[in-house]
Amino acid sequence: ERWLRQDWLLILELMIYTIPVFALLALQQDLGTALVFLAIFAGLVLISGVSWKIILPVVLFIVGGLAGFLFLFLSEGGRAFLHQQL
């Protein structure tokens with residue numbers, strides 16, 4: 001059985017390889033390719049055997065964030081809030 005500390009170190013190692021790619025893609029403003037690399041990163045984390053004690057809270061947080069964004073985007077006042085400039 002894998003220890004949670006080893007799983008976090010594995011995720012950190014995968015992020016060390018992935019972050020420079022995301023930085024270059026951000027400079028090129030290429031969201032499509034960034035989403036492909038995000039899917040590859042997620043697949044690597046799932047295939048590597050990382051514990052569900054780590055994966056499940058992260059997935060729930062992302063789903064909750066997307067639900068909050070969609071709620072804000074679909075509400076009348078929320079859309080105006082998202083479109084305002086600083």
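**Helix packing**

Helix 1 and helix 2 lie roughly antiparallel to each other (an angle over 145 degrees; helices are DSSP runs of H or I, at least four residues, numbered from the N terminus). The axes of helix 1 (residues 4-28) and helix 2 (residues 31-47) cross at roughly 175° and come within 10 Å; axes are lines fitted to C-alpha atoms over the stretch in contact, with angles from 0 to 180 degrees between N-to-C directions.

A word on the basis: this is a predicted model, where local features need pLDDT of at least 70, side-chain atom pairs count only at pLDDT 80 or more, and totals for chains, interfaces and linings use all residues. Residues are numbered from 1 along each chain as its sequence is written, and side-chain values use heavy atoms, leaving out hydrogens and water.

Back to the pair of helices: helix 1 makes the contact (heavy atoms within 4.5 Å) through residues including Ile11, Leu14 and Phe22, and helix 2 through residues including Phe37, Phe41 and Val45. The contact residues divide into 12 nonpolar, 2 polar and no charged.

Leaving aside residues up to four places away in sequence, Ile11 touches Phe41, Val50 and Ile54.

Note on methods:
Helices (H or I, at least four residues) and strands (E, at least two) are DSSP runs, numbered from the N terminus. Angles under 35 degrees count as roughly parallel, over 145 as roughly antiparallel, 65 to 115 as roughly perpendicular and the rest as oblique. Ala, Val, Leu, Ile, Met, Phe, Trp, Tyr, Cys and Pro count as nonpolar, Asp, Glu, Lys and Arg as charged, and the others, Gly among them, as polar.
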